Amino acid sequence: MMGADHPGSGGGGRVDTVCMACGERSPGVHLRCPRCGGPAILEIEGIRWDVRRDVPSMWRYESMLPAVRRRVSLGEGVTPIRRVGDAHVKLEGRNPTGSYADRASSVMASHIASEGGRGEVAVEYSEDFAYSVARYLRGISDVEVAIPDPSRVDPQEVVALVEMGARVRFGRTGRELGYANSLSVEGLKTIALEVIEKSPRVERIVVPAETGLLALSIWKGLRDAEEAGAGVDLEVDAAILRGSGTPDVLSRIGGVSVHEVDPEDAVRGLVELARAGIRAKVLSAAAFALAEELGRGLAVVTASQRRPQVHRRGESALMADVARAVGEMGEASAYDLWRELRRYTLRGIYKAVEALEAEGELCARHVVRGGRKVRVYSRCVDGEDK
Ligand SMILES: [Zn+2]
């Protein structure tokens with residue numbers, strides 16, 4: 001199963017890659033600067049602020065994204081915005097694999113699929129990214145994950161990668177697809193576009209900054225939206241933990257203010273978020289604490305990814321009933337299934353559809369119902385979503 005694979009869609013027109021280190025401008029899409037290997041961003045001609053509100057994913061901003069012939073989407077983006085304490089939060093844990101990296105993966109997988117896909121793609125391991133991109137490339141390319149430093153892997157993520165059929169090797173050649181690239185920036189910038197579209201009463205987007213790529217992407221999203229004619233009046237503030245140093249890429253652009261946050265404040269933020277039912281990484285909690293302190297802020301909150309459970313043999317009667325009911329109904333949300341199978345709890349139904357999706361039994365997509373994004377399931381056909 002590889003998720004909804006749509007025929008391509010046109011964003012803007014001609015694309016140039018502009019290097020943030022040496023300033024070189026190269027025609028076409030390059031992941032990094034072809035001259036010096038430095039970090040690069042894309043300049044897309046003809047972008048328009050033309051939101052397709054019927055599309056329940058970040059592809060509602062396709063007019064702002066580089067054009068692709070095929071689109072690979074699992075319903076990423078359009079994550080909720082909530083108010084917690086004195087700040088707003090955008091819940092990026094609500095992406096298909098539980099990580100904002102899905103936005104980047106969707107653009108990269110679309111690009112790879114548009115170029116014909118298949119073959120093998122070597123991916124450099126970094127937490128959450130490796131699993132996300134492997135998930136998006138399922139059915140398009142074989143994935144080999146290169147792990148430069150085995151002492152810094154999330155063991156559950158590696159197990160999940162192997163379960164999904166990825167090959168794992170140690171060391172790297174330098175030619176692997178890494179998280180920091182120009183297409184990642186295009187995917188991640190849609191967070192800013194969603195904030196503009198929803199326009200909560202905030203003046204700033206506060207971003208956790210480890211490599212700085214997310215903050216760079218949000219900054220680019222605001223800049224592109226302004227160029228495309230959307231009214232934008234937002235600043236970008238990046239949160240780093242005290243003493244960790246400003247990420248290189250953020251020193252190169254003027255538009256992002258970097259703030260140090262005390263670890264104590266980050267932990268207080270973590271507790272406040274947990275009380276509101278939100279799981280977050282420490283650095284995200286630092287961004288939340290900073291958003292509260294600066295005032296009128298929206299913090300981008302990333303969570304630790306939920307790895308699929310390695311499922312035991314002998315599936316329960318519940319899963320069998322759910323799979324059968326989906327087959328009969330054609331397409332159903334967890335709520336529809338709960339109404340159909342009254343003898344189970346809604347929570348039980350949710351667990352069953354998640355497990356069945358992880359096993360490739362059910363395929364999910366998002367639809368808009370009554371103005372809300374709803375996840376619906378169907379039987380996977382020939383290893384692909386319909
Ligand atoms: Zn360069």
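## The zinc site

Donors here are N, O and S atoms within 2.8 Å of the metal (3.2 Å for Na, K and Ca), and water is not among the atoms, so sites may look incomplete. In this predicted model, local features need pLDDT of at least 70 and side-chain atom pairs pLDDT 80 or more, while totals for chains, interfaces and linings use all residues. Residues are numbered from 1 along each chain as its sequence is written, and side-chain values use heavy atoms, leaving out hydrogens and water.

Let's start with the zinc ion: its protein donors are the SG atoms of C19, C22, C33 and C36, at 2.3 to 2.4 Å. The angles between these four donor atoms run from 103 to 116°, so the arrangement is tetrahedral (four donors, all angles between 85 and 135 degrees). For comparison, the ideal angle for four tetrahedral donors is 109.5 degrees.

## Spacing and surroundings

Along the sequence, the donor residues follow the pattern C-x2-C-x10-C-x2-C. C22 sits in the loop between β2 (15-19) and β3 (25-27), and C36 in the loop between β3 and β4 (40-44), so this pair ties together parts 14 residues apart in sequence. Strands are DSSP runs of E with at least two residues, and helices are runs of H or I with at least four, numbered from the N terminus.

C22 counts as partly exposed because its relative accessibility is 33%; C36, at 43%, is also partly exposed. The term covers values between buried (under 20%) and exposed (over 50%), with a 1.4 Å probe and protein chains only.

## Domains

An automatic or database assignment gives domain 1 (75-99 + 182-301) and domain 2 (317-379). Their centres, taken over C-alpha atoms, are 32 Å apart.

Methods: Tetrahedral: all angles 85-135°; square planar, octahedral: opposite > 155°, others 65-115°.
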